[in-house]
Amino acid sequence: MLKVKICGIKREEDLKKAIELGFDAIGFILCQSNRQITLEKALNLSSLVPPFVSLVAVVKDPTPNEIENIIKARIFTYIQFHGEESPETLEKVPIKRIKTIAIRNENDLMITKLYLKVADLFLFDTKLGEKTGGTGRSFDWLILKKYDRSKPFILAGGIGIHNVKKAVESVFPNAIDVNSSLEIEPGIKDHQKMEKLMKIIKEIKGG
C-alpha cells in the first residue's frame, strides 16, 4: 500500500499537522540545507511523534561520528543517505537504510546494483546539473519502467497536489516523498496543501 513521507520538517506546528493528517514518515534533514535542523532539535520534535510513524534522518556524506550520534539517538527508523556514500558505509549501519539515487536518464539506474545488498529502500530523486535532490523538479518518471524493482522504492522530486496522481499511476511507487511543493517558503509547510495532498492520496487508495 502506498506510503507518504513528508520531508524538511522544522516546526512543531507542521509536525503536528503531518501527524494529524496521517503521513506515514517524517523526514528530518540533518545535513546542509535551508531546511536543516540539529540532531538535538530532532530529538525534541520526536517526542511529539506517536508509535508507528517512522522518523527518517536525512544525511549527505556523513562522518562516522555523525552516523554514530544518529544511531545513539534511538529515534530513527531509517537513515536516508543522500550523497556519495559507499556501500561499505551503509553496510555498517544497524538500522534501516534508504539510498537516494539521483536520476537524469536510465543509465543512472545502474547505480542501484552497487547498493542492492545494503539498502532497504531506494529513493529516486531528480538530478539537475550539479544538484542531486532538493530541486523541486520532477524527472521523467517513465525511466523507472526500466527499474527491475529489486528493492522497494520511494519516488521524490517535485511531487505535489498537481501531479501526485499521475506520479503514482505512472510507476506505482511503494512510497512518495514530498517537500517543497507543500511549502510557503523553505521549512514552513502550507497546511492547506498538506490537507489537499492527503485527500488525493486517500482517493488514490480508494478510501
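In the predicted model, Lys16 is partly exposed, with a relative accessible area of 44%. The residue takes part in a salt bridge with Glu12, in which the closest N and O atoms are 3.1 Å apart. Glu12 is likewise partly exposed, at a relative accessible area of 39%. Both residues belong to helix α1 (residues 12-21), where four residues, about one turn of the helix, separate them. Side chains of opposite charge can pair when their charged atoms come close. A network of salt bridges links Arg11, Glu13 and Asp14.

The count for the structure is 13 salt bridges. One of them joins the side chains of Asp177 and Lys5, with an N to O distance of 2.3 Å. This pair connects distant parts of the chain, since Asp177 is in strand β9 (residues 175-178) and Lys5 is in strand β1 (residues 3-7), 172 residues apart. Asp177 and Lys5 are both buried. A further salt bridge is formed by the side chains of Glu183 and Lys189, at 3.0 Å from N to O. Glu183 has a relative accessible area of 9% and is therefore buried, the limit being under 20%. Lys189 is also buried, with a relative accessible area of 2%.

The nonpolar residues were examined next. The largest nonpolar core comprises 55 residues, and Phe23, Phe28 and Phe124 have the most contacts inside it. Helix α7 (residues 191-205) is the element that gives the most to this core, contributing five residues. When neighbours within four places in sequence are left aside, the residues in contact with Phe124 include Ile101, Ile103, Leu109 and Thr112. Phe139, Leu144, Tyr147 and Phe153 are also among the contacts of Phe124, as are Ile154, Leu155 and Ala156. Another core, of 13 residues, lies apart from the largest one; among its members are Cys31, Tyr78, Leu121 and Ala175. In soluble globular proteins, nonpolar side chains tend to be buried together.

Zero disulfides are present in the structure. The cysteine sulfur closest to that of Cys7 belongs to Cys31 and is 8.6 Å away, so the two are too far apart for a bond, which would require sulfur atoms within 2.5 Å. Cys31 is in no disulfide, its nearest cysteine sulfur being that of Cys7. Cys7 counts as buried, at 4% relative accessibility. Cys31 is buried as well, with a relative accessible area of 15%.

Helix α3 (residues 64-73) has buried and exposed residues on opposing faces. Its buried residues are Ile67, Ile70 and Ala73. These residues lie on the same side of α3 because the arc that they cover around the axis is only 120°. Pro64 and Lys72 are exposed and are carried on the face of α3 turned away from the buried side. The packing partners of the buried residues of α3 are two helices, α2 (39-46) and α4 (87-91), and two strands, β3 (54-59) and β4 (78-81). After α3 comes Arg74, which has a positive phi, near 60°.

Methods. Residues numbered from 1 in each chain as written. Predicted model: local features only at pLDDT ≥ 70, side-chain atom pairs only at ≥ 80, totals over all residues. Heavy atoms only, no water. Salt bridge = Lys/Arg side-chain N within 4 Å of Asp/Glu carboxyl O. Buried < 20%, exposed > 50% of the residue type's maximum accessible area, 1.4 Å probe, protein only. Core = buried A, V, L, I, M, F, W, Y, C linked by side-chain atoms within 4.5 Å. Contact = heavy atoms within 4.5 Å. Arc of directions from axis to C-beta.
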